[in-house]
Amino acid sequence: MTNTVLTETATSRFVQTKKWRLHLNEAGEGHPLVLLHGGGPGASGWSNYSRNFAFFAERYRVLAVDMPGWGKSDTAVPGDRDHTEALGLLLDELEIDQAALVGNSLGGQTAIRYAARNSDRVSHLIPMGAPAPGVNVLSPASHQTEGIRALVHAYQDPTPASFQALVAALTSDPELAADEDLARQRSEAALSRPDHVANFLSAAPTGEVNGPPGAYPAVVPALATLTVPTLVVHGRDDKAVHFENALRLLAMIPDSRLYLFNRCGHWTQMEYAEEFNRVVHEFISATGQH
């Protein structure tokens, strides 16, 4: 336990992997817990998990990572944007044999892909607001949802007004949806890295934002035999990735359970930070380490 104030600056560090120079925020001791952010413009490990970082740092060695093409990390160009590769290279460089993975949205997809191919290196899998392989039946295709349309628009026009609309589309809490500071911070972060924005917009049409096209659907057979304890977390009112994705993941992964937040949008870790922190910690504690 620590009384140290864990600011973004105090926990910031860079790691040079064999391919990318990656930024992360790191603190704490114990079992490694890796936090993977979503794919929105201006996103980073800290911006996604600032409300969770200190809690987890008291209990784990927590690492909130900026993936290539986001935050302070190197950018990632179309044709070379594989987040599972980046995650593996980072764990190798830090000599982490096994870690628990928490991933929001695109980060959840990264965590699922990595666990499907490297189950021995994942002690716990916790996708949150993550898309699932397969076809939506109860909701629009993922790229056509209200939240994803707002996200793409914010990439195309990264102004505070666009981000205000994006935050409103991704949250259920009226107070958070109206948070002008949050929208401004995300806008400033996106505008500070025009290379990230340009490369995302170039990669999006081919479906290679997270990795090679077709890489995610290809993991379905591996998920059927996955033995990593899995906690699927989702918001009931998620307008970006409908909760039917969570139900599909629950059906695909044998050793999985679902925690569904009512009156909650795409960012459960922000809208219900205290409950999210407690649930994740209790899940990891109850299921132990491999």
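In α7, P160, F163, Q164 and V167 touch E180, L182, A183, R186, S187 and A190 of α9, where contact means heavy atoms within 4.5 Å. That set splits into 6 nonpolar, 2 polar and 2 charged residues, counting Ala, Val, Leu, Ile, Met, Phe, Trp, Tyr, Cys and Pro as nonpolar, Asp, Glu, Lys and Arg as charged, and the others, Gly among them, as polar.

This is a predicted model, with local features needing pLDDT of at least 70 and side-chain atom pairs pLDDT 80 or more, while totals for chains, interfaces and linings use all residues. Numbering runs from 1 along each chain as its sequence is written, and side-chain values use heavy atoms, without hydrogens and water.

Here are the two helix pairs, with axes fitted to C-alpha atoms over the stretch in contact and angles from 0 to 180 degrees between N-to-C directions.

| Pair | Axes within | Crossing angle |
|---|---|---|
| α7 (160–170) and α9 (180–191) | 8 Å | roughly 120° |
| α4 and α5 (106–117) | 9 Å | roughly 70° |

So α7 and α9 are oblique to each other, whereas α4 and α5 are roughly perpendicular; angles under 35 degrees count as roughly parallel, over 145 as roughly antiparallel, 65 to 115 as roughly perpendicular and the rest as oblique.

For α4 and α5, H83, T84, L87, G88 and L91 meet L106, T110, R113 and Y114.

D82 is buried, at 17% relative accessible area (buried is under 20%, exposed over 50%, partly exposed in between, with a 1.4 Å probe and protein chains only).

Key:
Helices (H or I, at least four residues) and strands (E, at least two) are DSSP runs, numbered from the N terminus.
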